[in-house]
Amino acid sequence: MALLYAGLDPAASAEVVAAVEQQRLPFEVRGDAIYVPAASRDLLRMTLAGAGLPAPGAQGYELLDNLSGFGTTAQMFDAAYWRAKEGELARTILAVPGLQAARVHISPPAARVFQQGEPATAAVTVTMASGSASQQQAQAFRSLIAAAVPGLDPGNVAVIDAKAGLIAAPDNAQLADTRQDELRNRVRSLLEARVGAGNAVVELAVETVTDTESIFERRLDPEGRVVVSNDVSETARRSQGNADGSVTVASNLPDGAANQEAGSSSSEDRESRNVTNYELSETSREVLRAPGAVRRLTVAVLVNEPTGPEAAPRAPDELEALRELVASAVGFDAARGDVITLRAMPFVAPPVLGTEAVAAPARLFDPMQLVQFGALALVALILGLFVLRPLLRPKPQVDSLPPLLDDSFAMAMPMADGFAALDAPDPVARLTALIADRQEDSVRLLQSWVEDGRKPDHG
């Protein structure tokens with residue numbers, strides 16, 4: 001059995017297994033790997049490729065093949081286009097060795113008439129088979145997506161690793177660093193538990209590393225050597241000559257003849273060589289330091305010094321204990337160059353702005369109140385004299401009134417039968433009742449007086 005495919009999505013693996021079953025070939029599933037007979041593996045791969053298997057996880061431009069001109073609006077086509085663009089970019093990124101999964105999200109700018117829209121942004125999430133993506137790979141992903149989307153700047157692409165988190169943030173995104181505020185609040189709450197609320201002022205400055213540093217280290221350990229090979233060679237050389245060292249004809253004669261010469265001699269040289277190859281223990285390490293590490297920490301703490309005739313200054317032991325608490329709270333590191341300054345000084349109260357509110361002194365007589373009371377009394381007096389007094393004055397009794405009706409008025413206004421008001425003793429009352437009962441006759445009488453120029457004797 002040979003490996004056919006491995007590391008596929010469950011849906012893609014199910015489609016491959018169904019296609020192999022249709023070919024009536026034996027197969028084995030071992031985890032996420034599919035095994036088939038070795039003799040049929042290559043042919044089966046060609047057959048499955050012709051059928052479009054295994055299907056990629058993300059669909060690309062084939063999404064646009066299913067769109068028809070009927071019933072497809074511009075918004076539907078734009079959504080399908082950007083979805084196909086994301087699938088194609090994910091396929092391209094998956095071609096990187098060691099990459100297991102990738103997802104791309106693109107936010108195109110909204111088209112608005114006579115208004116400049118927001119810039120396009122994008123984000124890519126990757127999952128590596130082992131480890132995390134490097135900064136070089138993140139920059140490559142940003143450049144790839146920016147080149148494929150018109151008007152997209154590489155600085156507006158965020159790269160997120162499933163294990164390492166955010167690798168490359170957009171340039172316009174400001175990642176809030178809350179460490180300084182957290183440390184300040186931590187130290188303040190710790191000190192106020194001892195000196196009281198409002199009696200401690202804490203200022204803290206955190207210097208962070210803003211550069212990205214990549215360190216490659218290679219170490220060779222001579223003590224951890226291992227023998228790889230050992231080569232031993234030996235060479236022997238033999239030479240002959242006379243005793244006095246001169247070369248004669250006997251030196252060139254055969255051995256038997258040479259041995260007969262009394263003065264002949266021979267010598268033999270041997271040379272041995274031993275070569276041993278060792279392999280040293282080697283350790284390689286690559287360290288990538290991202291920005292954000294604390295470079296230096298500076299803390300300044302001011303504690304209120306008690307003041308008063310009976311107050312005692314804070315003891316040096318107490319200040320030293322408070323300093324140790326502050327150092328533990330912020331993670332003090334002397335080798336890093338951290339500095340902690342703690343002083344006890346009396347706080348100066350700020351000056352009061354404006355006029356202090358004080359209670360008004362008690363007064364027996366207030367001039368303004370007297371003026372108000374006098375005005376009210378004057379108004380009441382005027383109302384009583386000119387309004388209430390005439391209303392309450394009794395009417396004078398009239399004993400006799402001159403006759404108000406002459407003969408013409410009596411003739412023009414004959415008395416009605418049953419007119420009881422005429423029997424009243426008051427002449428004014430009788431005249432009023434008569435006019436009220438004979439309104440039309442009264443009007444005609446007045447008109448006749450106006451026309452004739454006659455006036456009554458008593459008005």
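These legends walk through several close-up views of a predicted model. Residues are numbered from 1 along each chain as its sequence is written. Local features need pLDDT of at least 70 and side-chain atom pairs count only at pLDDT 80 or more, while totals for chains, interfaces and linings use all residues; side-chain values use heavy atoms, with hydrogens and water left out.

**View 1. The protein chain at a glance.** Welcome to the whole chain before we zoom in. The protein chain holds 11 helices and 12 strands; helices (H or I, at least four residues) and strands (E, at least two) are DSSP runs, numbered from the N terminus. Of its 459 residues, 20% count as buried, where buried means under 20% relative accessible area, exposed over 50% and partly exposed in between (1.4 Å probe, protein chains only). The chain exposes about 33200 Å², with carbon and sulfur atoms supplying 55% of it; accessible areas come from the Shrake-Rupley method with a 1.4 Å probe, and for residues only the protein chains shown count as cover.

**View 2. An open sheet of three strands, in the order β1-β3-β2.** The pairing here is antiparallel; two strands pair if DSSP finds at least two bridges between them. β1 (2–6) and β2 (28–30) each have a single partner strand, so one side of each is left without a neighbour in the sheet. From one strand to the next, the twist averages 30°. Three bridges join β2 to β3 (residues 33–36), and Arg30 stands opposite Ala33 in β3.

**View 3. Helices α1 and α2 against the sheet.** Helix α1 (residues 10–22) lies across β1, β2 and β3 and runs at about 15° to β3. Helix α2 (residues 41–50) packs on the sheet too, touching β1 and β3, and its direction makes about 25° with that of β1. Contact means heavy atoms within 4.5 Å; axes are lines fitted to C-alpha atoms, for helices over the stretch in contact, and angles run from 0 to 180 degrees between N-to-C directions.

**View 4. Gly7 in the loop between β1 and α1.** Gly7 counts as exposed because its relative accessibility is 52%. Gly7 and Ile34 are 27 residues apart in sequence and 9.4 Å apart in space, C-alpha to C-alpha.

**View 5. A nonpolar surface patch that includes Phe386.** Leu378, Leu381, Ile382, Leu385 and Phe386 make this patch of about 520 Å². Patches are made of residues with over 30% relative accessible area and no salt bridge, joining like charges within 9 Å and nonpolar side chains (Val, Leu, Ile, Met, Phe, Trp, Tyr) within 5 Å; a salt bridge is a side-chain nitrogen of Lys or Arg within 4 Å of a carboxyl oxygen of Asp or Glu. Phe386 lies in helix α8 (residues 367–392) and is exposed, with a relative accessible area of 61%.
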